[in-house]
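I opened my notebook today to look up aromatic rings and the charges around them. Here is what I jotted down, friend.

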Amino acid sequence: MILRTPAPKRARPIEPAPIIESPPVGSDHRQLAIYEDPSSAGPARREPSQQSEHMLCTYQCRQMVKADFLDALSNAEKQVQDYQSKLAELNDNFGKADEERKTFREKLSYVEQELAAAKGREQALHDQLLKEVNDSHERLKKELELSSKLQAKLENEQNLRKKAESTAAAAEDKAKELEAKLGHISKSIEKEKKRFNNELAQLNRDSKFSITKITVDLEKMEFRAKSSEQEVELLRKQQEDLQSKFSECLHQKSELEKRLTSLSFEDDSPKESDVLVKHLQEELRNYESEVREARKLKSAHDSIELMKEKLLEEKSRRERVELQLPKLQEYELKINKLEDELSAWKLMIQDIPGVSCCDDVPLRISALQKEVIDNLKKLGEVNAHLKQMQVVLDKTQLDKQKTETEAALAKEKADRLEAEVKRMNLMLSAVSEERNMLKIAIEDFKSKNEQAGGHASSSAMQELESSLLKREPYIKELEGDLFAQKDINTRQQDEIKSLHDRLNSEARKVKSLERESDRLRSEIFLLESKLGHGDFSAANTKVLRMVNTLAVGNDAKQTIEALQSELQRTKEKLQALEEYKSQSGNSGKLVDSYMSGKVAQLKEQIATLEKREERYKTVFADRISVFRRACCELFGYKIVMDERQRPNGIPVTRFTLQSIYAMNDDEKLEFEYESGNTNIVENGYTSTSEISQQVDIFVRKMNSIPAFTANLTVESFNRRTLS
Amino acid sequence: MASKTAAKDIITLRGSAAIVSEFFGYAANSILYNRAVYPEESFARVKKYGLPMLLTKDEGVKSFISNLNAQLSEWLEAGKLQRVVLVIMSMNTGEVLERWNFSIETDNEVVEKGVSREKSDKEIMREIQAIMRQIASSITYLPCLDEQCVFDVLAYTDTDVAVPFTWMESSDAKLIANPQMVKLHSFDTKIHKVNTLVSYKNDEELDDEE
């Protein structure tokens, strides 16, 4: 520690005002005491020595000189006194100057000490500042590292989220595709399987049945053919025999007839002829029966030939079936493949968790879709929350930085105040030490002065005491400053504490506000979703719907159009079929009949729709005419509406109004109506002065066409009634 | 229409109602064209809001929309209209495929006291133009309507509104279950604020149906 005050110097014996004992004036004791003062009493010593030399003259002169001496002595004593007083003054001045010097020296040393102390403090502060800067740098680095780590984590999480989203979207797409494919394929598989099974069964049955039937028929037919061939041969032989017999019989019959004709003229042996006739009749009957049998045989022969043809057909059918048998094998192979695919899909279904059969797949997919939607919603919410958290994090970081700077500033203030307090304490301690030293010095001086004796010490003591007294208020001031600084320091510390508390409370408020904002955001989201969904409160709102006849008319038009297109298509088909029919024979008749039936049906539909349209038109025309007449009678104007097109292609509806009280046919008002706006059109009638004035007032200024027409009606009515 | 006084920025209740009802007419036409509810050739090109707008030439649709606009204007002047919804449905199944929701916030002070407000016409037109552009660009994200569709209009009003004879109260608000929603821009005449939102049937469900 550097001393603020130098070590007390030893009190010089002549330090206070040199005390010169002047001989008392008029005393008998006339010994001259020569007091040697090495410093201040130097010049005073010389004069007495000169005088003493004068004193050493002769006895005679002694008496003379004695008087002179006494005079001189008295003068000298006076001078001495003067000199002593001067000396005292000088001593005083010297003391003062010494004191001043000392004070200045003390001040200088004090200042030097202060300077050294300030330098030391500065160095200490500098070191502290460097430490703090290093600490803050380190903290900043750590925080930067943390923030970079957090950012990296955030980026990683965002990447992961994006990846998850993309994978979820890809999985969803795949799931959709797979689901669609699965649905299609399963349906198609089932259909085809069913179809193939049915076809296969049918084909099998048909084939088996046909094969057995064919074989049986074949055998039968073969047997029959053989037997019929044999019969045919027999019958042919019989037929030949019978034919020969028939020819013989015919011959005999002709002969008999000849005979009968000849016998009819002869009456002899009628009995023999009757018997012959009877025999012949019997033979004829036999021959007729044989002829019938022959005819039967012929029909049987024809039937045999038919059977042969049928046999050929059955053979051809058998060949066709045999040709279709490899196709059956192909179908079986296809069925096997489809069954393999089906088993593979079933295995795939088994791999899907939560699915036991095909029916569970759509349910599972819908559940997965719902999960995906929920997860996406959650993801969206999490993203929103994450963004909010990022915003809040940035805000809190900024707040943190602010509070840190404030805390640093407060710390600096506190440190400065502490340093000041220390300084003040040091000052106080130094001052008190000085005071103590001065007291010690004063006591030493007192003791020394008591040894030396004299009054001069009392004045110096008094001066010292006065200087001490002067310093005491200064010390008190310093103590007061120190206390004030202490108070300020405590206040600053309290402020810092309160700032810390405020910071914590603000952080808590921020968190609660964040939670509140999240809740409000979710509420807003819910409300917006409800608004978008179309929900409403029946207590405040009712939903009204305008009667919409557009769809009905559209329906009728569209059905008519559809039917007409279908009719055209059927007509084209009919033409194509007729062409085909001209090429082929029987099949055309069937198609023709079918198509004609369809065409007739469509024509009937078209006729009914056209009738309906006509009815609508008549009803509409009636209603519109009623409406027009009512408007004319109620408002006093005949209204004619027609569509026109402007030069730029925009369609415009023009209304022509003619008052029922009009004097002539030229008194017509024309208005154009376009997308909700009605504008008056200038013509010869409206350009007349009276009408144009009314147009300006009612239409252009007051923007009211009904007022204009009503005014015009009243004027026309007045004119008519007056006329 | 806006009062044609010397200062064109004054908006009255009637003017604001006319602006909103006119906007709805053009928006409905634009939606019907962009969503192909009616064929392209049945629309004609006009200039409005600084954009080429398409208006239907079909007389039935025209008269329907004009009657609708007249009624909406009346309700807007009375401050009774809360929302207008244009619904697009499948013709065959009647299923609701899209809902174009125009919600309206009315300044009740203007309705009760008859005061007027100030806003630049250009600003209002600019806001409406932005909405029309968004409607035109909605085809980029809305699912394709491959089947024949029809449209209908619903009006959400206060409960004390008298039902006109061409209207009827409907218990069915024609809602879509689990819709996707897209919020479009809004415009404000300082008397009526119109917010636009389109909700449509989830695309995945449409793919499933296909």
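I began with A:Phe717, which is partly exposed at a relative accessible area of 38% (buried is under 20%, exposed over 50%, partly exposed in between; 1.4 Å probe, protein chains only). This is a predicted model, where local features need pLDDT of at least 70, side-chain atom pairs count only at pLDDT 80 or more, and totals for chains, interfaces and linings use all residues. Residues are numbered from 1 along each chain as written, chains are lettered from A and ligands numbered from 1 in written order, and side-chain values use heavy atoms, without hydrogens and water.

I then turned to B:Phe24 and B:Phe102, whose ring centres lie 5.4 Å apart with planes at 90°, so I logged the pair as edge-to-face (Phe, Tyr and six-membered Trp rings pair with centres within 6.5 Å; planes under 30 degrees apart are stacked, over 60 edge-to-face, the rest tilted). B:Phe24 sits in helix H1 (residues 13-34) of chain B and B:Phe102 in strand S5 (residues 96-106), 78 residues apart (DSSP runs numbered from the N terminus: helices H or I, at least four residues; strands E, at least two).

Buried or exposed, I asked of B:Phe102? B:Phe102 is buried at 2% relative accessibility, and B:Phe24 is buried at 4%.

Last, I looked for charges over rings (NZ of Lys or CZ of Arg within 6 Å of the ring centre and within 35 degrees of the ring normal). The charged end of B:Arg83 sits 4.5 Å from the ring centre of B:Tyr156, and B:Lys48 lies over the face of B:Tyr49 at 5.6 Å.
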